[in-house]
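Student: I have just opened this entry. Can you walk me through it?
Tutor: Let us look at it together, one question at a time.

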Amino acid sequence: MLAGFTPWPEEQAQRYREEGYWQDVTIGGLLTTWADAHGDAVAVTAGDRRVSYRELDGWAHRLAGGLRRLGIAPGDTVLLQLPNVVEFLPVFFALCRIGALPVLALPAHREHEIGALAELTGASAYVIADQDLGFDYRELARQVRRRAPGLQHVVVAGDAAEFVPLASLDAPEGAGGDAGVAAGADGSGPAPARPDAEDVAFFLLSGGTTGQPKLIPRTHADYAYNVRASAEVCELGRDTVYLAALPVAHNFALGCPGVLGTLHAGGRIVLTTDASPDTAFALIEREGVTVTALVPPLALLWMQAVEWLDDDLATLELLQVGGAKLPAEAARRVRGTLGCTLQQVFGMGEGLLNYTRLDDPDELVATTQGRPLSPADELRAVDEQGREVAPGEAGQLLTRGPYTLRGYYRAGEHNATAFTPDGFYRTGDLVRLLPNGYVVALGRTKEVINKGGEKVAAEELENELLAHPAVREVAVVPVPDPDFGERICAFVVAPGVGLGLAEAVDFLVERGLATYKLPDRLVVVAALPLTTVGKVNKRALTDRLAAEAVG
Ligand code: J2J
């Protein structure tokens with residue numbers, strides 16, 4: 001078992017096996033199962049490319065061999081930062097097959113994030129696209145490599161420049177499948193065993209509450225269940241055409257049910273790196289998209305765009321919305337504008353997923369964030385002393401279950417507070433658990449700003465701002481926003497200089513921070529308000545912003 005991974009206690013694991021949640025499958029092996037079942041059906045469409053299930057399986061098989069020959073071994077961590085391009089899938093499956101551990105970085109991550117991940121994991125390889133949406137990932141790779149020289153291999157989908165072209169790893173000879181890859185002939189050693197179903201398959205990134213990135217280990221068995229059960233709840237089938245508009249490196253579009261759930265059901269994936277209504281609506285009409293997933297700001301934008309775009313969206317049956325709270329009033333408008341069923345999804349990379357069901361009454365869908373995916377999910381709402389609150393009262397959400405982590409990777413100290421002694425994950429979310437089992441999301445206790453589904457740890461941004469020579473003190477807080485739910489406001493103490501937002505933003509970009517983490521507002525103050533125990537009083541700061549908004 002991987003060092004730094006916290007397994008479920010044996011007693012619980014036994015139950016999950018016996019009750020069929022965990023099966024003896026691997027993520028890499030599942031692709032072969034799906035290829036056997038759906039063979040020549042189209043699995044993925046990306047631009048003009050169409051790849052069948054069989055082709056996808058063969059591609060992953062050859063890449064597994066190529067990656068082994070390159071020197072990637074079972075147990076190696078590999079940073080995988082691909083936008084929604086067709087190569088994502090074969091590379092992801094190939095890495096899972098050889099027992100290497102992909103770390104699913106988001107396309108928006110930059111030197112600050114990727115560098116920290118390289119250091120934390122000691123990754124030996126980094127897989128990128130050449131460029132996307134005007135950004136050159138090869139330049140990013142050069143920067144990251146200067147900081148993390150251990151990163152031996154940079155593999156590029158597209159024009160590789162000085163790096164390794166992904167296409168060069170796609171060679172037929174010596175390739176192997178789940179049970180053993182590229183053994184012997186090329187001298188790369190004995191065939192690795194098929195990964196164990198209960199071993200870690202890959203890492204998702206946590207939205208994070210601290211300055212350090214947090215890696216979420218997902219096992220083959222737990223994620224296979226996550227995908228299978230999600231596909232069922234969303235009623236996916238062979239007729240499903242799933243538009244991946246959100247990044248597939250994120251849990252939502254990856255496996256809830258996302259691209260993996262679509263493959264499980266024998267449907268077809270349509271990939272795009274551009275979720276704007278112009279591009280997405282044209283794809284929905286052209287490809288006959290039936291399902292997609294969005295964060296609330298995009299859902300709001302799409303609902304407006306039907307007024308000026310005239311693409312035919314008649315095939316769209318289901319819109320999943322999650323990542324941040326969708327206001328009830330917006331939820332009620334989905335059917336009338338987009339002509340499809342809405343599903344609210346309250347999920348987290350750490351595991352727990354709540355879905356409204358497709359046959360739920362409209363008002364339940366509009367006013368709740370769904371109910372747990374699994375009968376084995378355990379949810380508790382507790383007060384500050386950890387005591388369970390009365391049913392329907394607001395409390396902090398704790399959860400454990402067959403697909404919810406028991407510890408972040410290599411984060412012993414953080415895990416001691418992020419989990420209860422009996423293994424419940426403290427989500428940091430404030431919720432009401434209704435007597436009918438549904439969950440209403442109310443807000444958070446954790447210091448994370450949720451800007452329309454994108455999570456920014458206040459502490460991380462504060463640390464970056466403190467690196468500015470003029471900044472003496474800083475506090476980052478959310479400011480309410482009609483489109484994004486929240487935006488980011490930084491209060492700074494910077495005596496003697498006129499530090500402005502533009503300068504602060506330039507400084508942060510220069511430091512390689514992902515753009516979505518940049519502050520939207522900067523307020524210079526003489527001093528930060530303190531609580532009676534001398535901590536920064538963020539409540540006073542948010543109250544001040546609220547008063548300004550009203551006044
Ligand atoms: C309010 N807050 C929500 C919702 C997530 C599906 C959907 C979303 C995610 C995700 C995901 C929310 N209303 N409907 O992984 O598979 C906030 C909560 C939660 C945090 C998790 C999926 N849906 N949230 O957003 O790991 O605060 O996952 O704890 O990015 O997003 O963020 P993340």
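Student: Which residues of α5 meet α6?
Tutor: This is a predicted model. On the α6 side, the partners are Leu140, Gln143, Val144 and Arg147. They meet four residues of α5, namely Glu111, Ile114, Gly115 and Ala118.

Student: How do the residues of that contact divide into nonpolar, polar and charged?
Tutor: Gly counts as polar here. The contact of α5 with α6 then divides into 2 charged, 2 polar and 4 nonpolar residues.

Student: Is α5 oblique or parallel to α6?
Tutor: Helix α5 spans residues 111-121 and helix α6 residues 137-147. Their axes lie 9 Å apart, and the packing angle is about 45°. Angles under 35 degrees would count as roughly parallel, and 65 to 115 as roughly perpendicular. The angle therefore makes α5 oblique to α6.

Student: Which element gives the most to the shell around the ligand?
Tutor: Four elements each supply at least two residues: α8 (251-255), β16 (341-348), β21 (425-433) and β22 (439-444). With 5 residues, the top contributor is β16.

Student: How many residues of that shell are charged?
Tutor: There are 23 residues around the ligand, and among those that come nearest are Asn251 and Gly322. The shell has 11 polar and 8 nonpolar residues. Its charged residues number 4.

Conventions. Residues are numbered from 1 along each chain as its sequence is written. This is a predicted model: local features need pLDDT of at least 70, side-chain atom pairs count only at pLDDT 80 or more; totals for chains, interfaces and linings use all residues. A residue is near a molecule or strand if its C-beta atom, placed from the backbone, lies within 6 Å of it. Axes are lines fitted to C-alpha atoms, for helices over the stretch in contact, and angles run from 0 to 180 degrees between N-to-C directions. Angles under 35 degrees count as roughly parallel, over 145 as roughly antiparallel, 65 to 115 as roughly perpendicular and the rest as oblique. Two residues are in contact if their C-beta atoms, placed from the backbone, lie within 7 Å.
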